[in-house]
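Let's take a walk through a protein complex together.

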Amino acid sequence: MVRKSTAYLIFLLVAGLVMAGLIFMHPRLQMVDYERGLVKRQHLVRELGLTDLCLFTEARYTRHLSQADLHSPFQDYPMALEHFPSGSLVLPPEHLLKR
Amino acid sequence: MIQLSGIKKTFNGGKSNEFKALRGIDLEVALNEVSVFIGPSGSGKTTLLSILGCMSRPTSGRIWLSGREITSLPERFAAETRRETFGFIFQNYNLIKGISVLENTMLPAYPTGMKYRVIRDRAVSLLEKLGIMSKSEEPVEHLSGGEQQRVAIARALINTPSIIIADEPTAHLDTELAQGLLDIFAGFRKEGKTILIASHDALVFESPVADRLISMRDGKIV
Amino acid sequence: MIWIERQRAFLDFTLSSLWRRKVRNLSLLMIYALIIFLLSSVIFFTHALRKEAESVLKDSPEMIVQRVVGGRHSLIPISYVEKIDQIRGTSSVRPRLWGYYFHPASKTNYTIMVPEEFSQPDDTVETGAGVLRTWGPLWKGKLYFKTHDGEAILLKAINTMGDETDLVSADLILMSESTFRKISGIPEGYANDLSVNIRNERESQTIMMKTVKALPDTRPILKKEIIRTYISLFDWRGGYVIVLLWGALLAFFIFAWDKATGLSAEEKTEIGILKGIGWDTSDVLMMKFWEGVVISLSAFFLGVIAAYVHVYFASATFFEHALKGWSILYPKFSLRPSVNPYQLAILFFLTVVPYTLLTIVPTWKVAITEPDLVMRH
C-alpha cells in the first residue's frame with residue numbers, strides 16, 4: 001500500500017507542476033496564435049478608427065464607454081446607480097469621476 | 001530505581017472545590033519489577049501514575065529516575081521523556097477511532113523522526129507477537145475489547161520504553177483475557193522492563209506476577 | 001532528515017484523520033476550490049482584458065472631437081474639420097460616421113459604421129461575426145433594415161470579419177455613406193464626431209486645448225483617456241462581482257471558523273490522547289498545520305488551474321451571463337494568456353494562510369492542557 005503522505009505529496013507536485021506549466025509555459029506556446037489575432041484587431045482598430053471594445057452592447061453608452069457624454073450614460077447624474085447589469089461590473093469613465 | 005520524595009498534588013488549589021489527591025508520598029520503586037498500586041478508587045493511584053509518567057507535575061515534591069530529576073523538566077523534554085521512557089496502557093485504551101490498528105500502534109513514534117519503515121516494521125512485529133496482525137488495516141473500533149487492549153499494549157511498546165505504566169488494565173477484561181494480559185506482563189518482566197500497575201482487581205495483585213504491592217488510601221501510602 | 005520524517009509522519013496522520021470524514025472534508029475542499037476558482041477567474045479575466053485593451057486601443061485615433069449641445073453628445077458639422085485642420089500639429093482630420101441600430105427581431109443593438117473606404121456597392125454590408133450569429137434568419141443572404149423615415153431596405157451581407165477580431169468588431173455593420181445616412185438619418189454635412197491624428201503625441205494636450213478654444217462647443221477625447229477608461233474599467237476594487245465573491249469567501253471563513261472553534265469533544269479527546277502518548281504541544285500544532293495546508297493548498301491549486309482553463313481555454317464562459325447583461329451579443333475572446341504573479345501571490349496569502357491559521361489557533365488552547373486528562377475519566 002502506498003504511504004498516504006507519499007500519495008498526497010505526489011498529488012501536490014503534479015498539481016503544482018500543472019499550475020506552473022499553465023502559468024509559465026502555456027502563455028509562451030500560445031503567443032504566436034495570440035499575436036496573429038492581435039495584429040488583425042489592431043489593424044481593424046486603425047483602419048476604422050475604433051475607440052471601444054465590444055463588450056456590452058445593451059446601450060450606446062455601454063457599447064462606446066469612452067465616448068459617453070457627461071449626462072447620457074448615467075441618466076440623471078454621473079454616479080447614479082446603473083440600470084444595466086454591466087453597470088455593476090464597470091466604473092463610470094474616469095473623466096466623469098474626476099469632476 | 002525510581003525515587004519519590006514528598007509528592008503532593010492538589011487540584012483546583014485555593015478554590016472551594018480544592019481537592020488533595022496526593023498528600024505527601026515518599027517511595028522507592030525498584031526497576032525490573034512489577035509493582036502494583038492497590039487501593040480503592042479515589043485513593044490517588046491514577047494521579048500518582050500520571051505524575052510518575054511525566055504526564056502532570058506534582059504540586060510539590062520531586063521524582064528521580066535512575067538519579068535524574070524528572071519533575072522540573074520543560075514541556076518539550078517532559079514529552080520526550082514520556083514517549084521514550086514510558087509506555088502507557090490506559091484504562092479505556094484511548095485508541096484513536098477511525099484510524100487503522102497499524103497506525104494507532106505507530107502513533108507514539110511519529111514525533112521521534114524515526115524512519116517510517118523502521119517504525120512500521122516494529123509495529124508489525126509487535127502486532128504479530130500479540131496475535132492481532134490480521135486486523136492491522138482495520139479501524140480500531142471494529143475490534144473487540146480484548147483486541148483493542150492488545151493494540152494499546154502494542155502502542156505502549158512502539159518506542160521500546162523501559163517502564164510500562166498500566167492504569168486498571170483488567171477493568172474491561174474477563175478472567176481469561178485478564179490472565180492472558182498478566183502473562184504478557186510476565187513476559188515484559190523477563191525482558192527486563194519495569195512495570196507499574198494501578199489496580200483494585202484481586203486477580204492482578206494476587207497473581208504471582210506482582211513482585212511488590214503498594215497499598216494506598218486517601219492520597220497516602222499505607 | 002529527522003525533520004522531514006517528522007513532518008511526513010504528521011502528514012500521514014492528518015490525512016488518515018481527514019479521510020475518516022471524507023464526504024464532509026471533500027465537500028469542504030470542493031466549496032473552497034470553487035471560491036478560489038471564481039476569485040482567480042475574475043482576477044485572470046480582468047487582468048487579461050486590461051492588457052488586451054491596452055494593446056488593441058493603442059491604435060485608436062489620437063483624438064476624437066465630439067460636439068456637445070445641451071450637455072449631450074450631438075452631431076458635428078463637417079465644416080469643423082477645416083478649423084481643426086488649421087491647428088498646428090494635427091496631421092489629418094476625418095469625420096466619423098457611426099451610430100446604433102436596434103434590430104427588433106433579435107432585440108439587439110448593433111453598431112453601424114462607414115469605413116474610410118468602402119469599395120462595395122451601396123446595397124451591401126460587411127458584418128462582424130457576432131452580427132450573423134444573432135441577427136436571425138437572413139432573406140436570400142440579405143439583412144432587413146428600416147430607415148429612419150420608415151422605409152424598408154434589404155442589404156446583402158457580403159463579407160464577415162473573422163472571430164479573431166470579435167472583441168472589437170462583433171457588432172459592427174459596415175456600409176457605404178449614402179446607405180448609412182439613409183438608415184441613421186444623419187443629414188448631409190454632419191457627422192457623429194471627428195477623428196484627429198496628431199503628429200506628435202506629446203502635443204496632444206495642447207492641441208486639445210486649442211481645439212476647445214477654437215470650437216467652444218466641442219469636447220475632445222484623447223486616446224490616453226480612452227485607454228485609461230479601459231484600464232480602470234475592470235478595476236477589481238470597483239467591481240460588484242468582487243464584492244459578491246468576497247462575501248462568499250467571508251461566509252466560507254465564518255463556516256471554517258465555526259468548524260475550527262467548535263472543536264468537538266471527540267477532537268479534544270484525540271488531542272489529549274496524542275499528548276498522553278508522548279506528543280508535544282508543538283507536534284499537535286504541526287499536525288493541525290498540515291490539516292489546514294492539505295485542505296487549503298489543494299483547493300488553491302485546483303481552483304487556480306480550473307480558473308486558468310476557464311478563462312484562457314473556455315473564453316470565460318461562466319462570466320458570459322454577467323458580462324452580457326441585457327445584451328444579446330457576446331464576443332468570442334482570445335485573450336492574451338498571461339498571469340500576474342503578484343496577484344496570484346495575493347490570492348495565496350488571502351486564502352491559504354488564513355485558513356491554515358484558522359485551523360491551528362483553536363487547537364492551541366486544547367493542546368497546551370496537561371496530558372494527564374486522558375488518565376482521568
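In chain C, the centres of domain 1 and domain 2, taken over C-alpha atoms, are separated by 48 Å. Domain 1 of chain C covers 2–56 + 234–374, while domain 2 covers 63–231; such bounds come from an automatic or database domain assignment. To find your way, note that residues are numbered from 1 along each chain as its sequence is written, and that chains are lettered from A and ligands numbered from 1 in the order in which they are written. Keep in mind that this is a predicted model, in which local features need pLDDT of at least 70, side-chain atom pairs count only at pLDDT 80 or more, and totals for chains, interfaces and linings use all residues.

How confident is the predictor? Chain C has a mean pLDDT of 86, with 93% of its residues at 70 or more; pLDDT is the predictor's confidence in each residue, from 0 to 100. For the complex, the predictor gives an ipTM of 0.91 and a pTM of 0.82.

Back to the two domains of chain C. Where they meet, 12 residues of domain 1 are in contact with 16 residues of domain 2 (contact means C-beta atoms, placed from the backbone, within 7 Å). On the domain 1 side, 6 of these residues are nonpolar, 2 polar and 4 charged. Here Ala, Val, Leu, Ile, Met, Phe, Trp, Tyr, Cys and Pro count as nonpolar, Asp, Glu, Lys and Arg as charged, and the others, Gly among them, as polar.

Now look inside. In soluble globular proteins, nonpolar side chains tend to be buried together. The largest nonpolar core here has 169 residues, and Ile197(B), Ile36(C), Met63(C) and Val311(C) have the most contacts inside it. Such a core is a set of buried Ala, Val, Leu, Ile, Met, Phe, Trp, Tyr and Cys residues joined through C-beta atoms within 7 Å; buried means that 20 or more other C-beta atoms lie within 10 Å of a residue's own, with C-beta atoms placed from the backbone. Ile36(C) touches residues including Phe300(C) and Val304(C), not counting residues up to four places away in sequence.

Finally, turn to chain B, where 4 strands form an open antiparallel sheet in the order β2-β1-β4-β5. Strands are DSSP runs (E, at least two residues), numbered from the N terminus, and two of them pair if DSSP finds at least two bridges between them. Strand β1(B) is joined to β2(B) by 8 bridges, and Phe11(B) stands opposite Phe19(B) in β2(B). Another 5 bridges join β1(B) to β4(B).

Key. Buried ≥ 20, exposed ≤ 12 C-beta atoms within 10 Å, placed from the backbone.
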